[in-house]
Amino acid sequence: MKEHTQGGRRAAVRKVLPAVVAAGIGVAGFTVPAHGSEPGPAATTGIRQTADADIRQSTVADGRQAAAAADFPTWGTRWVVHAGPDVSSPAVGMINKTAAGQDRITADYQVDTGHQVCQGSACSTYMAHLTGPVTGFLTVVAVDVPQDRLPGVPVHGDGGRPQPGGSRQEMLNRAAAWLTANNGAQVPYSQAKVWKDGYRQDCSGYASMALGLPTPGTNTVGLATNRGITRPISLGELKPGDLLIDASGDNNNRHVVIFEKWNNDAHSSYTAYEQRGGHGTDHRTLTYGLPGGDAEFTPYRPVMFGD
């Protein structure tokens with residue numbers, strides 16, 4: 001790997017090599033589950049009915065304002081694009097599949113993950129959020145620039161590196177957005193429809209949206225079992241943005257809710273966000289998974305939080 005000085009700093013000249021990013025995660029084994037779980041029309045704490053809906057790949061018009069994106073060349077082959085800003089998160093696609101540098105990417109922001117990825121002598125802790133040709137996160141090592149981050153592209157998070165608390169708050173902010181996204185009202189519950197942002201209007205689609213997972217969202221079983229998305233924790237470890245999931249049974253009783261906070265020191269109830277049948281997006285007191293509540297629920301931590 002040759003090096004030269006550019007702009008007063010040493011910069012690696014990235015050879016065009018057929019290499020998979022250092023994480024070694026390919027896309028061949030990545031599949032989208034066939035169903036997404038739904039809450040039912042329960043109106044009281046601890047009582048619920050649920051239904052599991054098919055993931056439908058229909059598209060809708062996205063009413064969001066598109067962010068400005070910068071265009072960059074890439075190098076090498078078979079770089080994995082991930083669902084989140086973590087090389088351990090699920091693969092959602094690949095660039096330069098068959099030829100070195102065949103794809104150019106567009107990026108609207110980048111994240112300092114704090115975890116270094118290297119290929120040869122080129123290293124970076126940054127991952128770029130791509131808007132094309134695949135939507136997801138790509139290590140900046142794959143981009144053909146001499147810098148360790150993308151020039152002119154905003155850095156996500158305070159001070160350059162997103163802190164776990166900030167990421168959790170951003171997740172809760174996305175969850176809260178659906179409370180008023182329907183012209184001031186909550187997003188309605190549906191097993192068959194996707195909202196304007198492309199996510200299914202069921203409980204797992206809603207949780208997927210809050211986590212920033214690929215549209216239209218994974219299902220409840222996937223949220224509980226995919227270790228690239230969550231890991232089991234104890235009730236005492238629950239923090240804002242963690243999930244409580246019932247992934248057992250069939251499509252009539254699976255459900256997922258987003259934990260926000262404990263309501264008291266005794267931890268006898270908590271406030272959570274959920275998407276439930278007969279109501280839509282809700283923010284209310286629940287006891288799922290607690291003593292005296294629905295025992296089928298298990299707490300999980302999204303791995304994107306890094307703790």
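The accessible surface of the chain comes to about 13,600 Å² in this predicted model, and 50% of that surface belongs to carbon and sulfur atoms. Of the 307 residues in the chain, 48% are buried. The secondary structure consists of three helices and 17 strands. When contacts between residues at least 6 apart in sequence are considered, 58% of them join residues that are at least 24 apart.

Six of the strands form an open sheet, in which the order is β12-β17-β13-β14-β15-β16 and the pairing is antiparallel. At the edges of this sheet lie β12, covering residues 230–232, and β16, covering residues 280–286, each of which pairs on one side only. From one strand to the next, the twist of the sheet averages 35°. In general, the strands of a sheet pair through backbone hydrogen bonds, and this pairing may be either parallel or antiparallel.

Within the sheet, strand β14, which spans residues 255–262, runs antiparallel to strand β15, which spans residues 270–276, and the two are joined by four bridges. Isoleucine 258 has as its bridge partner tyrosine 273, a residue of β15. Helix α2, made up of residues 203–211, packs on the sheet, where the helix touches β13 (243–246), β14, β15, β16 and β17 (298–302). The direction of helix α2 makes an angle of about 50° with that of β14, the strand that is joined to β15 by the four bridges described above.

Methods
Residues numbered from 1 in each chain as written. Predicted model: local features only at pLDDT ≥ 70, side-chain atom pairs only at ≥ 80, totals over all residues. Heavy atoms only, no water. Pairing = 2+ DSSP bridges. Axes fitted to C-alpha atoms, helices over the stretch in contact; angles between N-to-C directions. Contact = heavy atoms within 4.5 Å. Buried < 20%, exposed > 50% of the residue type's maximum accessible area, 1.4 Å probe, protein only. Areas by Shrake-Rupley, 256 points an atom, 1.4 Å probe, with all protein chains shown as cover.
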